[in-house]
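Here is a short report for a reader new to this structure. Look over the model first, then read on.

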Amino acid sequence: MLFVVGLGLADEADITIKGLSVVKAASRVYLEAYTSILLVDKDKLESYYGRPIILADREMVESTSDEILAGAAVDDVAFLVVGDPFGATTHTDLLLRARELKIPTKTIHNASVMSAVGATGLQLYNFGQTVSMVFFTDSWKPSSFYDRVKENRQIGLHTLMLLDIKVKEPSLENLARGRKIFEPPRYMTAGQCAAQMLEIEEDRGQGAYGPDSLAVGVARLGSDDQRMAAGTLKQISESDLGPPLHSLVLLGKRAHDLERDYIREYAIDVKTFDTYWEEQYGKQA
């Protein structure tokens with residue numbers, strides 16, 4: 001059987017008791033290591049789980065998944081993912097391939113940023129579509145996220161922005177030349193996300209948001225040193241929330257006063273926060 005096991009958000013101890021029992025009993029254990037990361041390294045996971053772990057990079061999961069699924073029809077194979085198993089389409093695709101091969105599957109769920117973002121104090125049922133933000137290059141600045149954000153803003157809902165990570169990926173030059181030379185890992189910050197959002201708003205000019213729109217930057221969600229900062233997109237773009245992983249929430253105008261009271265504690269500047277809240281928020285769309 002193929003077990004897809006969610007690991008939670010932060011460290012080795014976030015795995016569930018059910019998930020840990022699967023890991024200890026499996027014939028092989030893989031760790032998907034490119035859609036997200038835990039805040040601890042592989043050695044610490046192996047020590048805690050008492051099992052050797054095989055790192056599964058993008059190429060293995062998306063191009064040579066037969067290696068992962070080999071023997072899973074007769075032995076148990078554990079595929080570990082950060083957060084919840086259904087937090088990325090890649091994991092759904094792996095399960096579909098297992099089905100095609102008549103391999104039984106089972107998922108072990110865990111906490112995901114999609115639910116844990118409630119730690120900001122923003123109510124989950126006030127969130128709209130979740131969008132992803134990738135690293136811009138000089139020649140590539142995709143803005144499809146903007147339309148989703150605009151739709152959310154039009155009906156007053158918050159937008160969770162999931163931020164890009166680059167792990168074991170070649171540069172465009174090395175990719176073009178077919179060289180397996182990888183760039184150092186990079187993790188987008190909330191500040192970089194806010195800056196790119198403002199760049200696209202300046203280009204599009206449709207008023208989906210602006211420098212004075214309120215947002216919450218989130219760092220290391222679920223860890224002992226998680227950090228949040230509430231302020232305008234301009235303020236967030238200039239902030240430093242420390243090491244990865246980061247995410248960002250753009251507030252919707254239907255935000256409730258209880259939400260204000262909660263996130264105000266994280267305000268970069270309380271006076272600025274209060275001013276723009278009174279001007280723009282707590283109103284029905």
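Helices (H or I, at least four residues) and strands (E, at least two) are DSSP runs, numbered from the N terminus. This is a predicted model: local features need pLDDT of at least 70, side-chain atom pairs count only at pLDDT 80 or more, and totals for chains, interfaces and linings use all residues. Residues are numbered from 1 along each chain as its sequence is written, and side-chain values use heavy atoms, with hydrogens and water left out.

**The largest pocket**

A pocket is an open set of points on a 1 Å grid over the protein atoms alone, where a 1.4 Å probe fits and protein lies on both sides within 12 Å along at least five of seven lines; lining residues have an atom within 4 Å of a point. Volume is the space filled by probe spheres set on the points, which are joined across faces, edges and corners. The largest pocket holds about 850 Å³ of space. It is lined by 34 residues, and Thr35, Ser36, Val113, Leu162 and Leu163 are the closest to its centre. Elements that give two or more residues to this lining include helix H3 (58-63), helix H5 (89-100) and strand S12 (246-250). Strand S7 gives the most, with 3 residues. By class, the lining has 17 nonpolar, 10 polar and 7 charged residues. Here Ala, Val, Leu, Ile, Met, Phe, Trp, Tyr, Cys and Pro count as nonpolar, Asp, Glu, Lys and Arg as charged, and the others, Gly among them, as polar.

**Nonpolar cores**

A nonpolar core is a set of buried Ala, Val, Leu, Ile, Met, Phe, Trp, Tyr and Cys residues joined through side-chain atoms within 4.5 Å. Buried means under 20% relative accessible area, exposed over 50%, partly exposed in between (1.4 Å probe, protein chains only). The largest core has 26 residues; among those that touch the most other members are Met133, Met197 and Leu233. Helix H9 (190-204) is one of the elements that supply at least two residues of this core. H9 gives the most, with 6 residues. Leaving aside neighbours within four places in sequence, Leu233 is in contact (heavy atoms within 4.5 Å) with residues including Met197, Tyr209 and Leu248. A second, separate core of 22 residues includes Ala116, Leu214, Val216 and Phe273.

**Salt bridges**

A salt bridge is a side-chain nitrogen of Lys or Arg within 4 Å of a carboxyl oxygen of Asp or Glu. The structure holds 11 of them.

| Salt bridge | Closest N and O atoms |
|---|---|
| Glu238 and Lys234 | 3.2 Å |
| Arg260 and Asp261 | 3.0 Å |
| Arg264 and Asp274 | 2.8 Å |

Arg264 lies in the loop between helix H11 (257-263) and helix H12 (270-280), and Asp274 in helix H12, so the pair ties together parts that are 10 residues apart in sequence. Arg264 is partly exposed at 34% relative accessibility, and Asp274 is partly exposed at 24%. Glu238 is exposed at 57%. Asp257, Arg260 and Asp261 are linked in a network of salt bridges.

**Two single residues**

Ser112 sits in the loop between strand S5 (105-108) and helix H6 (113-116). Ser112 is buried, with a relative accessible area of 12%. Tyr187 belongs to strand S9 (residues 186-187). Tyr187 is partly exposed, at 26%. The C-alpha atoms of Tyr187 and Val167 are separated by 8.5 Å, and the two are 20 residues apart along the chain.
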